[in-house]
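Opening the notebook on a new model today. I'll jot down what I look up as I go.

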There are 2 protein chains.
Amino acid sequence: MNQKLNYSLRELAELAGVSKSTASRVISGNGYASPDVRERVLQAVDQLRYKPSAVARAMVSKRTYNIGVIVFRDRLPIVSHTLYGRIIDEILMAAEALGYSIFLKTDREMSLRSTDYMLEQRVDGLILVSRLQKNVIDYVKKFNIPYLMVNGSTEDPEVVHLVSNDEAGGERAAEHLVACGHRRFFIIAGPGEHRSHSLRLKGFCQRLQRFGLSVSEGQVRILQSSESSFESGHQLMEEYYQTFREGQYSALFSTNDMLALGAMKAMLDRGMRIPGDVAIMGYDNTDLSIMVHPSLTTVSVDATGIGRDAVSLLDRLIRGEENVPRLTEYESHVLIRQSTKRKEE
Amino acid sequence: MNQKLNYSLRELAELAGVSKSTASRVISGNGYASPDVRERVLQAVDQLRYKPSAVARAMVSKRTYNIGVIVFRDRLPIVSHTLYGRIIDEILMAAEALGYSIFLKTDREMSLRSTDYMLEQRVDGLILVSRLQKNVIDYVKKFNIPYLMVNGSTEDPEVVHLVSNDEAGGERAAEHLVACGHRRFFIIAGPGEHRSHSLRLKGFCQRLQRFGLSVSEGQVRILQSSESSFESGHQLMEEYYQTFREGQYSALFSTNDMLALGAMKAMLDRGMRIPGDVAIMGYDNTDLSIMVHPSLTTVSVDATGIGRDAVSLLDRLIRGEENVPRLTEYESHVLIRQSTKRKEE
DNA sequence: CTGAAAGCGCTTACAG
DNA sequence: CTGAAAGCGCTTACAG
């Protein structure tokens, strides 16, 4: 770094032959400047390739126009997660549109470190993505910094959070499968600690119950998975393949696409026909669901809406607005694909 | 924001009953402080939940320990892109380990805006991901800021860039398919402007040529796709299905997994058997390639290595190291999956 | 070991 | 319309 990297306002002003104050005014656009002066300053800006320091500006304005996004997740994929990736894409675009930029951190152990980091960076606000422990929320609350949660669970009614209406989605999934004529269900459910997995399962079972179908009556079999990955779905299905066949379940529901796809792959490898032998349904409408064969019937999640609104709601919090809704729910819809198509007859 | 958000060093020092200098020393760990004083300061830190302002610190130290990552891409998915997402995950982790944080921007029109933004933020360095136009590179160069390119193309030998050895990968793909006994090839090639697509195609064709197989001899048919998405692969295969069947091609190679998967889906929907009727091979080793049925034979890309090294090489540039390699290439390997398995006999 | 002072690069009243 | 001055919250020589 032997060469000059950045010029300061002082140097800029000197070159233009004006005071720092004046230079500052024409650059920021706040305040008056005669056409002549403005012209000279602008020329100097060009000549020096002057870039005003956002750092210095933040220092005095007490605003950084940066938003911290922390994704809490045990393991990879984080950004490349099929759902979170989409949400982050939307957050990036929405932030851009509103004049914010994004500091992105991933945090695997739900530590307070990443939060501290964001605090030190003096971000204007915080978007917390995914499940996070109560102590993290409690910690953030103490700092009086605008923040909100995306796709996380909390009993705390004060916390602004955006979630899918997973329970209703689960119900709709059940309705669809029942409408297709299924009466015996095999379920692979993701980690119960995750709000979305547990609610989807709850909604699904609830709806079945109203059709007179339940675990206790023997028409429904639930398998709990400690993970929500393709691999675990695959492995569970391998493990329980016999059970599955013997139980004569005609439909498989998983609380997310990954688990469903893993199970489906295991079944296809064993020569089962889908949807001929068994109908399969996932949840999330990940891009993959449309790429596989047969394509996967699933329930949509409004990643676009969630990402967009996360930024705009946070912006409202940052601007000190009072009546920001604490809970925003997004409706989910069944997307019927090949994996649950009835056989033609 | 009616409540106190952040305390300053001055307030901290007052509470501890020391000078700002002293407080600063115990917090930063640079310089001496008696146990007694240190104790008092630390207690004050706890009491106030004092978070030193990274903004003020950056102001004086002229270092932000922030790295700007700009992903240049026309359209979504950007972060959720199957390959870039993985690279970004690795960049995030590697940055964390080296004490850097990430400013993430996506730029759809390859404008200079996002670069200007990063410059104003005074990031320590820049990671430019994906194809970008020459004018962007030329612009960045003027600012004497450490930067490097990931997965982009450039004729400029000065530019530090990290790429896959796509040509060798293409050759290996050809070898594998020939070894499987194929002699008539159908190729779906992604956008020629992209370095990786064009090199993969080049390597593939080159290798075939040495086997005496070529476009001019009629054993190879190349389809150019203007996009690199699943949708375009799917659509092209629908469109050229007749051509494909009539040409009796026994193998399909695509310059990335997405195109391959799109084409495969179209074929499966038409009832073709894979690999029975046709073998299919992609490139990138996206997560999807293992999830589909049949699983897709592909060529690996070392996303982990690229992401990790991008950060460490940039760190070396930031620290003023001279002999940073301009070009780092990553080897790719064929991953044999079901889609090219020979029939048992 | 500790403190007063200068300075990083801006913005913002306040005079003129 | 323009400039001098103070100040944002730190760090870093420099005295003591």
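This is a predicted model: local features need pLDDT of at least 70, side-chain atom pairs count only at pLDDT 80 or more; totals for chains, interfaces and linings use all residues.

**Domains of chain A**

Where domains 2 and 3 of chain A touch, the contact takes 7 residues from domain 2 and 9 residues from domain 3; I call two residues in contact if their C-beta atoms, placed from the backbone, lie within 7 Å. The domain 2 side of that contact has 2 nonpolar, 4 polar and 1 charged residues. For classes I count Ala, Val, Leu, Ile, Met, Phe, Trp, Tyr, Cys and Pro as nonpolar, Asp, Glu, Lys and Arg as charged, and the others, Gly among them, as polar.

Residues are numbered from 1 along each chain as its sequence is written, and chains are lettered from A and ligands numbered from 1 in the order in which they are written.

**Chain A overall**

I found 14 helices and 12 strands in chain A; helices (H or I, at least four residues) and strands (E, at least two) are DSSP runs, numbered from the N terminus. The radius of gyration of chain A, taken over C-alpha atoms, is 26 Å, well over the 20 Å from the globule rule (2.2 Å times the number of residues to the power 0.38) for 345 residues, so the chain is more spread out than a compact globule. Its C-alpha trace spans about 85 × 40 × 35 Å along the principal axes. Of the 345 residues of chain A, 50% count as buried, meaning 20 or more other C-beta atoms within 10 Å of a residue's own, with C-beta atoms placed from the backbone.

**Where the chains meet**

Next I looked at the two chains together: 49 residues of chain B are in contact with 49 residues of chain A. Which strand gives the most to the side of chain B that touches chain A? E2(B) does, with 6 residues. By class, that side of chain B has 27 nonpolar, 11 polar and 11 charged residues.

E2 of chain A (residues 101-107) and E2(B) pair in the antiparallel sense over 3 bridges; pairing needs at least two DSSP bridges between the strands. Leu104(A) has Ile102(B) as its bridge partner in E2(B). Within chain B, strand E1 (residues 66-72) pairs with E2(B) in the parallel sense over 7 bridges, and Phe72(B) stands opposite Asp107(B). E2(B) is mostly covered, with 7 of its 7 residues buried.

**The DNA strands**

Near here means a C-beta atom, placed from the backbone, within 6 Å of the strand. H2(A) gives the most to this surface, with 6 residues. For DNA strand D I also noted 28 residues, the closest being Ser19(A), Ser21(A), Tyr32(A), Leu9(B) and Ser24(B). There H2(B) gives the most, with 6 residues. By class, the surface near DNA strand D has 12 nonpolar, 12 polar and 4 charged residues.

Definitions and conventions: A residue is buried if 20 or more other C-beta atoms lie within 10 Å of its own, exposed if 12 or fewer, and partly exposed in between; C-beta atoms are placed from the backbone.
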